[in-house]
Amino acid sequence: MTEASGTRSIPDRLTSPLRRNLLGWESLLLIVGIAIFILNSFASPYFLSAWSLSDATFNFTEKAMIAFAMALLIVAGEIDLSVASIIALASTAMGAAATAGAGTPVLVLIGLGTGLLCGAFNGALVTRLGLPSIVVTIGTMSLFRGISYIVLGDGAYRGYPETFQWFGQGYVFWVISFEFALFAVLAVIFGILLHKTNFGRAVYAVGNNPTAALFSGIRVQRVKMTLFLLTGLMSGVAAICLTARLGSTRPSIALGMELEVVTMVVLGGVSILGGAGSIPGVVIAAFVLGLVTFGLGLLNVPGIVMSIFTGALLVGVIALPRLIAKWRK
Amino acid sequence: MSIRNIPREAILGLVIVALCGVIAARFPNFVRPSNLLSVATDTAPLIMLALGQFAVILTRCIDLSVAANLALTGMICALLNMAMPGFPMVLMLALALVIGAFLGAVNGVLVWKVGIPPIVVTLGTMTVFRGIIFLLSGGSWVNAHEMSDSFTQFPRIPFLGVELLAWIAVIAVTGVYLLVTRTPLGRAFYAVGGNPHAAVYTGIDVGRTQFLAFVLSGALAGMTGYLWVARYAVAYVEIANGFELDVVAACVIGGVAIAGGAGSVGGVVLGALFLGVIKNALPVVNISPFWQLAISGAAIIIAVALNARSNRPKGRIILKKAEHSHEPV
């Protein structure tokens with residue numbers, strides 16, 4: 001898209017750090033987030049309690065875990081629409097193992113392994129055969145979830161070990177859930193990976209100009225393969241948390257979650273065209289989306305109406321800077 | 001003559017005939033003309049949506065909101081029918097066309113005038129449209145007994161032994177075929193997708209062309225929305241949930257390049273028919289419908305892999321390319 005480069009096309013270093021931070025995407029999102037937080041606290045007296053705030057984190061932690069890896073993938077110019085189906089497949093595999101009497105460590109390994117395998121399959125199709133990732137992952141999205149449907153049909157797996165359920169229901173420090181702690185740790189890890197390592201720089205380079213990246217010595221296909229593996233792995237992690245929290249597996253688990261993950265990433269300021277974006281942005285976007293769903297939930301707004309707000313928020317927040325830039329001209 | 005010189009439509013046609021032959025070997029009733037006709041009629045909605053998506057993908061965009069557009073327009077028609085049972089059906093069809101075109105224009109304007117990437121726009125409007133259906137209907141269903149007979153019977157009116165629904169699909173196919181092969185706008189669709197920069201220099205307004213593709217896609221989705229709701233005599237929020245991916249799949253299987261600029265109406269129709277045959281044949285050959293998702297997923301992956309093979313550059317490659325295909329999203 002020619003006109004879609006938007007506000008981030010000027011290299012950040014050409015503007016002063018202060019100006020960059022004040023006008024940056026992250027601060028815009030932060031303001032939106034704070035506004036929603038204040039609105040929420042007016043909306044319901046139950047909002048500002050440690051327990052309900054802690055509860056609210058479940059609205060975004062699992063999606064955000066995938067969103068971190070997806071952010072890197074989208075920065076590199078690819079996309080993975082099969083993440084929710086990977087959750088379904090990993091959850092099905094874990095359910096089958098649990099039914100066969102597997103213990104918690106085995107279940108975790110199966111969950112992570114399934115995620116990695118699915119990621120490897122996507123990555124191989126994209127990098128070996130040179131296929132566009134959006135189509136490949138639309139295909140594997142049907143394929144992976146289709147396998148879950150073949151295995152489970154109308155049925156469901158229940159009866160996970162007590163210790164396994166801790167991944168979705170356990171608390172680390174009094175009020176902080178295991179999931180939230182994991183989310184925080186992963187945010188730091190992915191932040192460092194993207195912003196402080198050579199690999200992170202390679203990811204940006206691949207997203208900006210794959211040809212130039214190749215000629216500057218970056219193994220483009222290997223970087224992409226790694227990112228697909230990483231996204232698969234994080235889908236496996238999310239599958240473990242979600243399955244443990246729900247305590248059951250159905251083939252329709254996490255249906256439609258891929259679009260929420262992409263929404264979170266894009267809302268976080270990652271350019272869907274690749275080459276631009278940051279992990280702090282995705283973290284703030286996760287909080288903003290979590291606050292929106294939580295606040296609307298407090299007001300007893302049905303889930304489907306919430307989607308009006310998330311959809312409008314996505315389009316609105318992205319349109320705003322572009323419209324302002326247009327009016328200035 | 002090597003395999004890559006055979007037109008894709010011929011291969012796809014042969015595959016469909018072979019598929020029908022395999023099914024007929026065990027279940028001769030499947031290939032009775034009356035049954036094949038009903039398969040084609042069942043596939044008519046997919047064909048019409050795929051035609052619109054084809055135009056959008058040609059211009060290097062993607063429309064993920066088609067299924068939500070269908071559901072919203074269908075719900076509006078159903079509610080209108082409840083309020084005014086005597087509303088003439090031809091006007092209803094025209095109204096559905098206009099509502100759908102308007103929803104498509106919303107996408108188009110956001111892409112054209114605001115410059116938001118199409119995948120982000122349609123991801124947003126997809127959720128917004130679904131939410132609006134809930135607001136309009138209050139979450140309740142419009143059932144058959146609340147619809148007038150003329151409303152539900154309109155798509156089934158037989159003409160020369162074929163239901164009106166199928167005739168409308170034939171008209172849509174012919175219309176889009178003439179549009180893309182015989183008009184300046186059709187040429188502009190191909191030009192914009194083939195090379196947007198060159199298209200600008202030949203005097204084509206890229207944004208406007210993409211806008212018109214979205215309007216076309218929306219109009220077809222809206223019209224299908226009324227026909228869908230009338231045919232199945234029910235309207236609810238989740239109608240055609242996830243159908244947008246079937247629509248994209250039909251295009252991909254039909255040989256439309258996701259990178260824009262290449263594809264044909266014949267391929268799109270055959271791609272949709274391929275999915276339609278699979279969908280209708282599974283219950284006949286006693287395979288659980290749960291297999292459907294996995295099979296169509298595998299079909300997408302195989303089709304896109306074949307696509308990539310046939311588009312490989314011929315001759316010796318001296319400099320390896322960093323990326324085989326460019327992904328427009």
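Which residues are linked in a network of salt bridges? In this predicted model, they are Glu62(A), Glu179(A) and Arg245(A).

1. Arg245(A) and Glu62(A) form a salt bridge through their side chains, with an N to O distance of 2.8 Å. The pair connects distant parts of the chain: Arg245(A) lies in helix H12 (residues 220-246) and Glu62(A) in helix H4 (residues 61-75), 183 residues apart.

2. Arg245(A) also forms a salt bridge with Glu179(A), where the closest N and O atoms are 3.8 Å apart. Here helix H9 of chain A, holding Glu179(A), is linked to helix H12, holding Arg245(A), across 66 residues.

3. Glu62(A), at 3%, is buried, whereas Arg245(A), at 27%, is partly exposed.

4. Glu179(A) sits in helix H9 (residues 178-196). Its side chain makes a polar contact of 2.8 Å with that of Thr61(A). Beyond its neighbours within four places in sequence, Glu179(A) has contacts including Phe58(A), Met65(A), Phe167(A) and Cys241(A).

5. The structure has six salt bridges over all chains. One of them joins the side chains of Lys63(A) and Glu260(A), at 2.8 Å from N to O. Lys63(A) is buried, at 18%, and Glu260(A) is partly exposed, at 36%.

Definitions and conventions: Residues numbered from 1 in each chain as written. Chains lettered and ligands numbered in written order. Predicted model: local features only at pLDDT ≥ 70, side-chain atom pairs only at ≥ 80, totals over all residues. Heavy atoms only, no water. Helix = DSSP H or I, 4+ residues; strand = E, 2+ residues; numbered from the N terminus. Polar contact = N/O pair within 3.5 Å; in protein donor to acceptor, adjacent residues only side chain to side chain. Contact = heavy atoms within 4.5 Å. Salt bridge = Lys/Arg side-chain N within 4 Å of Asp/Glu carboxyl O. Buried < 20%, exposed > 50% of the residue type's maximum accessible area, 1.4 Å probe, protein only.
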